[in-house]
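Here is a briefing on one protein model. It covers a pocket, the nonpolar cores and the salt bridges.

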Amino acid sequence: MKALVLTEYKKLEMQEVPKPMIASPTQVLVRIKAAAICGSDVHGYDGSTGRRKPPVIMGHEGSGIIEEVGSMVSHFKVGDRVTFDSTIYCGTCSYCREGLFNLCDNRRVLGVSCDEYKQDGIFAEYALIEERVLFHLPEGLDFVQAAMTEPAGVAAHAISLSRPRLGDDVAVVGSGLIGLLLIKLLRTVTSGKILAIEMDANRRKKALEVGADAALDPNDPELPGHVKRLCGGDLLPLVYEAVGASEPINTAISLVRKGGTVVLVGNIRPTIELPLQSVVTRQIKLQGSCAINGEYPAVLKLMADGKLQIEDIISKVAPLAEGPLWFEKLYNREDNLLKVVLVP
């Protein structure tokens, strides 16, 4: 089969590689119909994360058609249209037994190659997927749309961990793809103001287009004052951080009121500098959010029912063979691209 292989950092090549063969009775072979480029793939492209060690087939946000099923697969059949979670969990460790599949001790992620394991992903014509992470596509939802289920699930999981009350004002720091999906989903759960905090002017504009009530520059020295004026004179009970670096996390902390919560969704830096005294003396809660844990059905229904529109954040649909070009554009932040979906 043809696959887009990261052969060395910042170098992607279309190659002929062996078509995967079912090795476990619980696996299915999926013909990939759409595979979106995640921000983590772009950050792994240059080796900065240490989680995409070449050679590896990256990619974990996708959809396709089942072409073959293992002998123990019972809920799916050949020809089914499916999407899949990016996290492969074991189902037997203590966390899995508690239903915390995203925290599985033996967790693997599609398209990741790190010190602990290598798991080829879906920038290819075919991929092997475990039945337990498969989901049927609702009628009317096409493959490109379905490739957005994974990032939307990430945003939905973050909201599930600390959900605003009806009428709460909230902020989202970072208006990349996950930040925009957070704004879209928050619009379905709170009637309060949703503030986008973003350095890039074009992304601030996009945040307003997808549902934010105001979009503010984190470099504005009057930012906390602006937030107070917009939100009835107080800071916020809840802020979602969707970047994962020191400055945006510190911005999020500066905007939450005493006793409030900052949900940490972004993850591009392994360590950060934290304003510890501000967190401790104001009794702020920091809530980490890891991947997805059961949000796929809700997200798929929201998309199928038209309550979560995602077409406006898909910048380009392109052939898999053009992957190197679009990776380079995303890496260099050209053309205000948000999501690029590759089609084998």
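**Second largest pocket**

β10 gives the most to the lining of the second largest pocket, with 5 residues. The model is predicted: local features need pLDDT of at least 70, side-chain atom pairs count only at pLDDT 80 or more, and totals for chains, interfaces and linings use all residues. Residues are numbered from 1 along each chain as its sequence is written, and side-chain values use heavy atoms, with hydrogens and water left out.

- The volume of the second largest pocket is about 340 Å³. A pocket here is an open set of points on a 1 Å grid over the protein atoms alone, where a 1.4 Å probe fits, with protein on both sides within 12 Å along at least five of seven lines. A volume is the space filled by probe spheres set on the points, which are joined across faces, edges and corners.
- The lining of the second largest pocket has 20 residues. Lining residues have an atom within 4 Å of a point.
- Pro20, Gln119, Asp120, Gly121 and Leu128 lie nearest the centre of the second largest pocket. Strands are DSSP runs of E, at least two residues, and helices are runs of H or I, at least four, numbered from the N terminus.
- The lining of the second largest pocket splits into 13 nonpolar, 3 polar and 4 charged residues. Nonpolar covers Ala, Val, Leu, Ile, Met, Phe, Trp, Tyr, Cys and Pro; charged covers Asp, Glu, Lys and Arg; the others, Gly among them, are polar.

**Nonpolar cores**

- The largest nonpolar core has 46 residues. Such a core is a set of buried Ala, Val, Leu, Ile, Met, Phe, Trp, Tyr and Cys residues joined through side-chain atoms within 4.5 Å. Buried means under 20% relative accessible area, exposed over 50%, and partly exposed in between (1.4 Å probe, protein chains only).
- Leu182, Ile183, Leu186, Tyr240, Ile310 and Ile313 have the most contacts inside the largest core. Helix α5 (residues 177–186) supplies the largest share of this core, 7 residues.
- A second, separate core has 45 residues, including Cys93, Ala127, Leu330 and Val340.
- Helix α5 is largely enclosed by the rest of the structure, because 9 of its 10 residues are buried. Among them are Gly179 and Lys184.
- Beyond its neighbours within four places in sequence, Leu182 is in contact (heavy atoms within 4.5 Å) with Ala155, Ala158, Ile159, Val172, Tyr240, Ala242 and Val265.

**Salt bridges**

- The structure holds 16 salt bridges. Each is a side-chain nitrogen of Lys or Arg within 4 Å of a carboxyl oxygen of Asp or Glu.
- Asp41 pairs with Arg52, with the closest N and O atoms 3.3 Å apart. Asp41 sits in helix α1 (residues 39–45) and Arg52 in the loop between α1 and β4 (61–69), 11 residues apart. Both Asp41 and Arg52 are buried.
- Lys53 pairs with Asp115, with the closest N and O atoms 2.2 Å apart. The pair links the loop between α1 and β4 to the loop between β8 (112–113) and β9, 62 residues apart. Lys53 counts as partly exposed because its relative accessibility is 30%. Asp115, at 64%, counts as exposed.
- Arg257 pairs with Asp234, with the closest N and O atoms 3.7 Å apart. Arg257 lies in strand β16 (residues 256–264) and Asp234 in the loop between α7 (223–230) and β15 (236–241), so the pair ties together parts 23 residues apart in sequence.
- Lys329, Glu334 and Asp335 are linked in a salt-bridge network.
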